[in-house]
Amino acid sequence: MVGVILAAGNGKRLAAELGMEQCKSLLSLEGKKLIYYSLENLSLLGAEMIYVVVGKYAEEVMRTIGESYNGIPVTYLIQKQPIGIVNALMKALPIINDDFIIQLSDEVFVGNRSASLKQQWKNREDDFFCGIIEEDDKEKIKDNYSVSTDDNMRLLSCVEKPSVVENNFKGTGYCIFSKECIALCRNCYGNELPADANLCDYMNLLIKTGKTGKCVIVADKEANVNTIYDFEYARKIIKKI
């Protein structure tokens, strides 16, 4: 299994609020840089190789992490313009021929269920897992993405930044895809998948073409750090561990 961390975003929104330019994924949160929370998740899931997609702050990220993490080789891929998640993935997918895990470099989980998720993936009947959490604050769901499922938690569709929220499931950037999903992304990118496609676009296309995805709760709490408010919320949930 291969891990892909998306760390090419510029973090302009947070930088503007902080009043300084800084690589968001290297911000320190409770004694640990943000990106290390993602690296830790991939290690727990048993990733044998980690690809980190980097952009403007490539040198800083590479210098911080180095060539390996916890004995796992780390390779860096450049996304010159932060066009979107699928564009970032396309930097890694042409050289991957294995199941792969997506992690965002600015997403923090508390009550992580990686050990359980690893076993579930081994016994799966589906082509991909969509990582979700149960979230009572619908505004947090609206800032990310919502999911619609059947009674067996299979994904029917997902919506990026929805205006209407029908349940308390919040989609995350923590997802696992079988290697069979790679070819479809390669073949459809720039056609069915536009250049600025997001994660929901990709998963909806997988469903449309007959692939099945299972929504799986990956943690008790999650924070996707885009603003100072998100950063403070992440600090709050970590302190409660």
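**View 1. Contacts across the whole chain.** Take the contacts (heavy atoms within 4.5 Å) between residues at least 6 apart in sequence: 76% of them in this protein join residues at least 24 apart. What you are looking at is a predicted model, where local features need pLDDT of at least 70, side-chain atom pairs count only at pLDDT 80 or more, and totals for chains, interfaces and linings use all residues. Residues are numbered from 1 along each chain as its sequence is written, and side-chain values use heavy atoms, with hydrogens and water left out.

**View 2. The overall fold.** There are nine helices and 14 strands here, taken as DSSP runs (H or I, at least four residues, for helices; E, at least two, for strands) and numbered from the N terminus. The radius of gyration is 17 Å, close to the 18 Å that the globule rule gives for 241 residues, so the protein is as compact as a globular protein of that length. That radius is taken over C-alpha atoms, and the rule is 2.2 Å times the number of residues to the power 0.38. Along the principal axes, the C-alpha atoms fill a box of roughly 45 × 40 × 35 Å. Buried residues make up 52% of the 241; buried means under 20% relative accessible area, exposed over 50%, and partly exposed in between (1.4 Å probe, protein chains only).

View 3. Helix α5 spans residues 114-122, and its buried residues are S114, L117 and W121. These cover an arc of only 55 degrees around the axis, which puts them on the same side of α5; the arc is that of the directions from the helix axis to the C-beta atoms. Cover for these buried residues includes α2 (34-44), plus the strands β9 (128-134), β12 (169-177) and β13 (213-217).

**View 4. N70, a non-glycine with positive phi.** N70 sits in the loop between β5 (68-69) and β6 (72-78). Its phi is positive, about 55 degrees, although N70 is not a glycine. With a relative accessible area of 60%, N70 is exposed.

**View 5. M153, in another loop.** Look between β10 (145-149) and β11 (155-160) for the loop that holds M153. M153 isn't a glycine, yet has a positive phi of about 65 degrees. At 22% relative accessibility, M153 counts as partly exposed.
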